[in-house]
Amino acid sequence: MNGVTAGRSSHPPPEAGAPNGAPLLALRDITKRFPGVLANDRVTLEVRAGEVHALLGENGAGKTTLVNVLYGLYQPDAGEIVVDGRRVRIRSPRDAIACGIGMVPQHFLLVRRHTVAENIALGLPQEGLLRPARRVERRIVEFATRYGLTADPGARIWELSPSEHQRVEILKALIRGARILVLDEPTSVLAPQEVSGLFDVLRRMKGDGHAVIFITHKLDEVGAIADRVTVLRRGRVVATVPAADVDRRALVQMMVGRDVESTLPRARAAAAGEALAAEALEADNDRGAPALRGLTLAVRRGEIVGLAGIAGNGQRELVEVLTGLRRAVRGRVRVLGRDVTNRTAAAICDAGVAHIPEDRVHMGVVATMTVAENLVLRRYRHPPFARGPLLDYDAIMRFAREMIAAYEIATPAATTPVRLLSGGNIQRLILARELAARPGVIIAAHPTSGLDVSATEHIHRLLLRRREEGAGVLLVSEDLDEVLALADRVAVIFRGRIADVLPVGDATPERIGLLMTGQAA
Amino acid sequence: MEEGNWILATVIRAVALGTPILWGTLGEITAERSGVINLGVEGMMILGALAAFVVAHLTGQPTAGLVVAAAVGGAAALLHAFISITLRANQYVSGLALTMFGLGLAGLLGRGWEGRPLLDTLPEISALTYAGLGVAVALWVVFYHTRWGIVLRSVGEMPAAADALGVNVALVRYLAVAFGGVMAGAAGAFLSLAYRPAWTEGMTAGMGWIVIAIAIFAAWDPLRAVAGALLFGALFHLSFRLQAWVAPELLKMMPFAFTILALAATAGGRRGLGAPEALGTPYVTGER
Ligand SMILES: Nc1ncnc2c1ncn2[C@@H]1O[C@H](COP(=O)(O)OP(=O)(O)O)[C@@H](O)[C@H]1O
Ligand SMILES: [Mg+2]
């Protein structure tokens, strides 16, 4: 191991929040260009030992690109990296690891079929050839207790939850001796109560003299954990400031480049007539156990019903039954007065239901196809996009350009493959496609999860506008603030049933919290 | 007694025919565990068979024939590796091309060698069978109880994870594919030096395809490959044995018909039986 690690036990940990001395890591004037975008434009970032340094920016600001450069996954077009005062060239992750850099990527890189120990042993050549998984088990337990990262070395990755995956990724980096740890949007996969657990881990690492780069687009997290914060906007550094010196508003200003209105304009609800109804629905989950147990819920035209609840109480199954992706064992589904129980997804879509799915990358788009093609996925079979058996690409491109402008989809071109877009822009694309057909019913599952401030605001406005135009919206969200800000009525789901439906005026977080946990009748 | 001898002889021949199938399968399993499918087994085997025969004939050294055959198989596999790993071409097309190329080239170069007797053969078939079993056990240990095994399997399951930990994905894949070629070449040598010491065009008779099928329904496990290889050795042999009673065309189909049945039975519905997740997909650093 390296000198810093060895010195850990003999030196007292540096005072939290007041790290001093030369930076452990410096990125100087990093520039990285992709076809059509300047993802990093002369970015300079200095990180000290014993600090949590937040990297804040909207989606597409270039945060992931910057740390991928640091980790050797991308080669910068210009700029230099200095570790411990020495200039280094990082050509591959191997070089990065040798410099003491570890990364917990946004999308975890774990072998699903292997055990925790095998995944960790993969990165430890020094453990010897024979039975490496056995040998690392002891070290896993040792590091796990030191940093409060409980993990079962023998468990297989596919058996674990996202937060456990994250712990394995952190362990992987720490056991390899990383002094500089990069976490790319680590809280996006965590439930609110799990976030504080992660922060405890980061504080212990900081106390041990590690440097932590913490990527986020959530403002509250900056104040909660960071010592300093660097704000990126459109590939450029806006500023680096001590986290204690800035408030929320100033951060938004830096991140978005303008003030964002925090109150949404909302006309009075004019709900009339039934848009969507579920009656006594029963359905099973993937493992064949009952997930919906006689669920009844109605959404009227011109209203938003928010569905609140703790994950795993049947939200996903409900959305799937309503959109034709899962069979209802019993019960009925009605859309705009027509019975569509157990009809195909295509039939339900034609009946006027728009679906904004939970997993936007895998279910919402075909990532390898272009923006234009994805925009007509719902309607390519009909004129004006189809002429007999052929597609009219002129019409498709015209429509795509209209949608890109109207929904502010940031893409180099209409012919760019969707996989190159950021999450917020993929979501805008999905909304453009789903809402352009003016559906009478919108089922939106976690529409803003993982999105930045301006994308979230944009999507909220779109949903409200459709509601004013008379659509019935079912909004499934784990973000209670979002539900309370948008919904006219709040339905709380608990163990496959609706525990209660409250008008938003009566829906206090306390009351909803009790219903969510099954403590109120 | 007559009958007893017949059964014993059948078993011995079945084990003998199972041996090259086993060698080929172990090689293919290793390659596929790294994420590269190589449909060129048939081509590598036939090239190995011809090379072994020619070298043994010229030098009088069957062992030299075996070594050269292994080298030829490895070289042919490197061609596939270059095309599918470095150039990232479609693995299935490249492998098929290798089979066609191997069969064609061996047919062409082998013209003058057909019908010549081979005096110095590999005598001890059983020793070669045991060697195959030894390799199977060794591979099982390597796959599941060594660091190399973790690296190999991770590269085949999720190359991005291995890459992020500093593993050279391309190198691992090259080595695994080359090992597959070496084993296939050696399997070919077995056919032309030991099983039926002679050179005939097309003498591998579709064995390379059986190998690919066994890799699948052995669920990429070297020990299960042993059972599969013996079973198919028996089927292959029976198809020769029963020629007096059943139409030869039907018999020739038997191992392949059985392959289809076995694959259908082990497909395991939607999820399959655990093929390496990245099997057949080229890896590009940082691709999303
Ligand atoms: N591999 C890539 N190829 C092309 N463009 C990319 C690639 N990776 C990122 N980009 C683009 O670079 C910009 C910055 O992206 P990213 O670094 O992922 O942002 P962030 O992590 O801050 O959300 C975006 O416009 C994105 O579309
Ligand atoms: Mg990112």
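Predicted model: local features only at pLDDT ≥ 70, side-chain atom pairs only at ≥ 80, totals over all residues.
Residues are numbered from 1 along each chain as its sequence is written, chains are lettered from A and ligands numbered from 1 in the order in which they are written, and side-chain values use heavy atoms, with hydrogens and water left out.

**Strands**

I looked up the pairing of β1 (residues 25–34) with β2(A) and found it antiparallel over 7 bridges; two strands are taken to pair if DSSP finds at least two bridges between them, and strands are DSSP runs (E) of at least two residues, helices runs (H or I) of at least four, each numbered from the N terminus. β1(A) and β2(A) make a hairpin with 2 residues between them, and Gly36(A) in the turn has a positive phi of about 90°. I also followed β1(A) to β4 (residues 78–83) of chain A, where the pairing is antiparallel over 5 bridges, and in β4(A) I found Val83(A) as the bridge partner of Leu25(A).

Further along chain A I traced an open sheet of 4 strands in the order β12-β11-β14-β15, with antiparallel pairing. β12 (290–300) and β15 (338–339) stand at its edges with a single partner strand each, so one side of each is left without a neighbour in the sheet. Inside this order I checked β11 (residues 274–284) against β14 (residues 330–335) and counted 5 antiparallel bridges, with Val335(A) in β14(A) as the bridge partner of Leu276(A).

**Ligand 1**

I then turned to ligand 1, which lies between chains A and B. It is surrounded by 14 residues, the closest being Gly60(A), Lys63(A), Thr64(A), Thr65(A) and Leu420(A), where a residue is near if one of its heavy atoms lies within 4 Å. For polar contacts I used pairs of N or O atoms within 3.5 Å; within protein, one must be able to donate a hydrogen and the other to accept it, and residues adjacent in sequence count only if both atoms are side-chain atoms. α2(A) gives the most to the shell, with 3 residues.

Lys63(A) has its place in helix α2 of chain A and, at 4% relative accessibility, counts as buried (under 20%; exposed is over 50%, partly exposed in between, with a 1.4 Å probe and protein chains only). Its side chain reaches the backbone oxygen of Glu58(A) at 2.8 Å.

**Magnesium ion**

Last, I looked up the protein donors of the magnesium ion (ligand 2), and these are Thr64(A) through OG1 and Gln106(A) through OE1, at 2.0 to 2.8 Å. Donors are N, O and S atoms within 2.8 Å of the metal (3.2 Å for Na, K and Ca), and water is not among the atoms, so sites may look incomplete. The pair links distant parts of the chain, with Thr64(A) in helix α2 and Gln106(A) in the loop between β6 (101–104) and α4 (116–121), 42 residues apart. Thr64(A), at 28% relative accessibility, counts as partly exposed, and Gln106(A), at 25%, counts as partly exposed.
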